Amino acid sequence: MTRDEIVIAIKDIIATIAPDEELGQLAMDVRLRDQIELDSMDFLDIVMELRKRYGVQVPEEDYMQLATLQGCVDYLGPKLESKALVLTALKG
Amino acid sequence: MRYDALIIGAGMSGLAAGIRLAQAGKRVAILERHYLWGGLNSFYKRAGRRFETGLHALTNYAAKGTHNVPLTRILRQLRIPHDALKLAPQRRSITALRTSGGDTLRLSYSNDMALLRSEVARLFPAQQDGFERLVAALPGYSGSSESDYATSARARIAEYVSDPLLVEMLMIAPLFYGSPTENDMSWAEYGILFRSIHLEGMARPEGGIKELLDLLIARFEQEGGELRMKTGVAAVLHGNGKVRGVRLDDGSELECERVLSSAGLVETEALCGTPSAREDDDRIGRLSFVETCCVLDRAPLELGHDATIVFYSDGERFRYERPEVPVEPRCGVITCPSNYQLREPDREHFVRITCPANYAYWKGLPEAAYAQEKTLAVESMLATAESFSFPIRPHTVFRDSFTPRTIERFTGHRGGAVYGSPRKARDGFTSLRGLELIGTDQGLVGVIGAMLSGITIANRSLLEPAGGAA
């Protein structure tokens with residue numbers, strides 16, 4: 001996966017767990033929870049989806065790395081390099 | 001073949017918990033004794049028609065995209081789009097009270113709190129300020145202190161509202177909506193119910209409660225969950241203070257890490273081998289109901305009745321208690337499912353009347369007398385209900401009714417206690433590790449409350465391994 005694809009992968013996970021949120025305008029550097037309504041349980045859901053879809057384990061002490069989209073790209077980049085993008089919510 | 005979790009009961013709480021656990025990749029099965037799902041919010045067929053039970057209303061109405069409210073949170077956790085529910089908001093509902101002088105006071109409210117405010121101002125002009133202070137002082141959804149749970153709602157309301165008639169009227173809808181205790185509830189619960197009913201409001205899925213249930217079942221199965229109908233749990237198996245599985249009615253056993261039970265507090269204890277609680281055990285709820293559902297020959301609107309729900313008391317003291325008589329006709333709830341703001345009008349129109357009933361009477365009634373006693377009870381209910389609504393009987397083409405005995409049979413709740421035990425296990429824990437309560441007896445009532453209960457306990461179980469599990 002490229003870095004652009006990782007952004008799409010994260011947005012697809014968010015679109016899956018929060019189907020009513022508008023995700024088109026998400027900024028890279030602003031905390032996700034300041035842009036859309038996500039609580040700590042939702043972050044756990046993101047982590048669980050990463051594990052289910054890509055086999056990536058994110059230990060609890062690293063959760064804060066996922067606070068922004070940029071953070072996700074930086075943290076997940078090496079882990080997702082060899083994985084193929086899985087889309088379930090975003091189509092086309 | 002070991003399950004991560006087994007869930008007892010395919011009601012709202014069990015389905016919601018099941019979806020959360022299945023989404024997280026857990027191996028989970030829901031075990032339901034009945035052949036229908038839904039528990040206390042269910043449906044059944046009679047004479048080719050589908051009847052639904054309960055008040056039919058979802059509280060906590062919120063428009064799509066509303067942030068920081070329970071409905072949005074629940075839908076997100078269950079990954080159900082708001083649009084899928086097709087929520088139709090109520091028109092308006094009414095709390096009606098007949099005074100000893102024979103006047104009927106009617107407070108109307110809708111999903112816009114401004115209506116209730118103006119109604120309080122109209123009927124109780126001197127109470128406006130007190131009412132505002134009451135609303136401002138309500139406890140929130142979370143973070144209520146233990147003292148809020150130990151405080152009487154009536155007493156707290158009376159600190160702000162000095163007219164006893166208004167105090168009584170403000171208790172009627174919240175008590176009927178889901179208090180397991182007679183005549184009063186805690187201040188903490190009152191805050192939750194007042195917010196759910198008045199500050200957020202009521203709505204109905206266009207397709208009825210079955211539509212919501214179907215959505216939940218589809219989500220659960222889509223995530224790989226296993227739903228087993230006609231599969232009653234006879235016993236919870238345990239050793240060394242920890243759950244190890246369940247034994248089914250057919251004698252077979254299933255192994256698991258964890259059991260989430262929506263069977264109820266004393267009912268779950270009995271499954272664990274504790275001698276069955278006596279009928280007068282004060283942990284068995286005393287509130288049960290007779291409910292009748294009438295099929296009408298035309299829409300209630302055509303008969304001049306636009307209210308979605310009417311909560312009524314014929315008398316200045318609202319008798320939310322187990323009556324001495326078979327049924328208490330002097331107070332009840334009149335629900336008209338057609339009176340939501342539906343996009344597609346219902347093809348058939350129903351009205352449902354629910355009144356407090358005496359469980360012991362109905363339980364002890366000989367079979368030969370049951371049908372006739374039920375008819376008598378329902379006739380007395382309808383006579384009073386009509387005085388708060390419209391001529392129901394002349395427009396009834398078919399009627400089906402049930403009693404506390406029916407409720408006990410189909411929900412398994414001892415005493416036919418619709419709202420469960422007055423003693424809630426709010427943290428959901430039991431004396432066994434790996435066995436937790438969800439649903440009514442974990443403390444939250446109504447469709448939304450039950451789903452929140454399932455979600456909350458399931459989420460906690462995802463964060464914490466079942467105590468001491470290998």
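## Strand β14 and Ile309 of chain B

Strands, as the term is used here, are DSSP runs of E covering at least two residues, and they are numbered from the N terminus. In this predicted model, Ile309(B) is found in strand β14 of chain B, which comprises residues 309-314. Since a residue counts as buried if 20 or more other C-beta atoms lie within 10 Å of its own, Ile309(B), with 27 other C-beta atoms within 10 Å, is buried. The C-alpha atom of Ile309(B) is separated by 21 Å from the C-alpha atom of Ala450(B), a residue 141 residues away along the chain.

## Parallel strands in chain B

Strand β1 (residues 2-8) of chain B and strand β2 (residues 28-31) of chain B run parallel and are joined by four bridges; within this pairing, Ile8(B) has Leu31(B) in β2(B) as its bridge partner. Together with helix α1 (residues 12-23) of chain B, the strands β1(B) and β2(B) make a β-α-β unit, and this unit is right-handed.

Strand β2(B) is also joined by three bridges to strand β9 (residues 226-228) of chain B, and this pair likewise runs parallel.

## Fold of chain A

The secondary structure of chain A comes to four helices and zero strands, and reading along the sequence gives the pattern α-α-α-α. The radius of gyration of chain A is 12 Å, close to the 12 Å that the globule rule gives for 92 residues, so chain A is as compact as a globular protein of that length. Along its principal axes, the C-alpha trace of chain A spans about 35 × 30 × 20 Å.

Of the 92 residues in chain A, 17% are buried. Considering contacts in chain A between residues at least 6 apart in sequence, 67% join residues that are at least 24 apart.

## Where chain A meets chain B

Between the two chains, eleven residues of chain A are in contact with 14 residues of chain B. The helices α1 (3-17) and α3 (40-54) of chain A each supply at least two residues of the side of chain A that touches chain B, and α3(A) gives the most to this side, with five residues. By class, the side of chain A that touches chain B has six nonpolar residues, one polar residue and four charged residues.

Definitions and conventions: Residues numbered from 1 in each chain as written. Chains lettered and ligands numbered in written order. Predicted model: local features only at pLDDT ≥ 70, side-chain atom pairs only at ≥ 80, totals over all residues. Rg over C-alpha atoms; globule rule 2.2 N^0.38 Å. Buried ≥ 20, exposed ≤ 12 C-beta atoms within 10 Å, placed from the backbone. Contact = placed C-beta atoms within 7 Å. Nonpolar A, V, L, I, M, F, W, Y, C, P; charged D, E, K, R; others polar. Pairing = 2+ DSSP bridges. Right-handed = clockwise from strand over helix to strand, strands pointing away.
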